[in-house]
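Here is a short briefing to read alongside the model. Have the sequence and the coordinates at hand as you go through the points.

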Amino acid sequence: MKLLAIVGTNADFSFNRLLCQFIAKRFGDKAEIEVAEIGDLPAFYKEGQADARVAAWREKVDQADGLIIATPEYDHAIPAALKSALEWLGSHADSKVMAYKPVCVVGVSLGGQGASRAQEDAREILLSPDMTANVLPGNELLIGQAYSSFDKESGDLVDEASIAQLDKVMEAFFAFVAQAKK
């Protein structure tokens, strides 16, 4: 099983990047998990032409059996960079790579709500007619208080309750992707 863990921001530092790296390390024996960055993608606009970076992005997403999108929350929504990266994958951009693609949405925030609003925003976008992604239902990973949830030296997630929830969500996602491949 090949999964793509997408860092949902173009920020130089992100706890969501640390989460993607932790997921790749923790579950590397269950799936091939590549951490993918979106910072080099051009901003999407309807009249824009997909360049080599966008073509490579689409190919990477297309080749993955499933996506894990880790999003921070900016003003109750996903970051503009993530929205733009997703736009390049939609049918309105002459791409169909997201059609029925299994996706798991997770998130880390500095506050207590664990990027809950951004995750809901991401799910809404992924389920739109232009995307029609197959979003994992009934599972949420809401990691708040990021500074105390991650080890400052290793960058690993250390909050036991969050790790237990992550294990549950990833177990469900592995089964979800396997079911989609049948």
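Cys104 is buried, with a relative accessible area of 1% (buried means under 20% relative accessible area, with a 1.4 Å probe and protein chains only). Cys20 counts as buried too, at 0% relative accessibility. This is a predicted model, where local features need pLDDT of at least 70 and side-chain atom pairs count only at pLDDT 80 or more, while totals for chains, interfaces and linings use all residues. Residues are numbered from 1 along each chain as its sequence is written, and side-chain values use heavy atoms, leaving out hydrogens and water.

**Cysteines**
- The whole structure contains zero disulfides, a disulfide being a pair of cysteine sulfur atoms within 2.5 Å.
- Cys20 is in no disulfide, and its nearest cysteine sulfur, that of Cys104, is 10 Å away.

**Helix H1**
- H1 covers residues 15-26 and reaches 16 Å from first to last C-alpha, close to the 16 Å expected at 1.5 Å a residue; helices here are DSSP runs (H or I) of at least four residues, numbered from the N terminus, and the expected span is 1.5 Å times one less than the number of residues.
- Nine of the twelve residues of H1 are buried, among them Phe15, Leu18, Cys20 and Ile23.
- At the N-terminal end, Ser14 caps H1, with a side-chain oxygen 3.0 Å from the backbone nitrogen of Asn16.

Technical notes. Helix = DSSP H or I, 4+ residues; strand = E, 2+ residues; numbered from the N terminus. Buried < 20%, exposed > 50% of the residue type's maximum accessible area, 1.4 Å probe, protein only. Polar contact = N/O pair within 3.5 Å; in protein donor to acceptor, adjacent residues only side chain to side chain.
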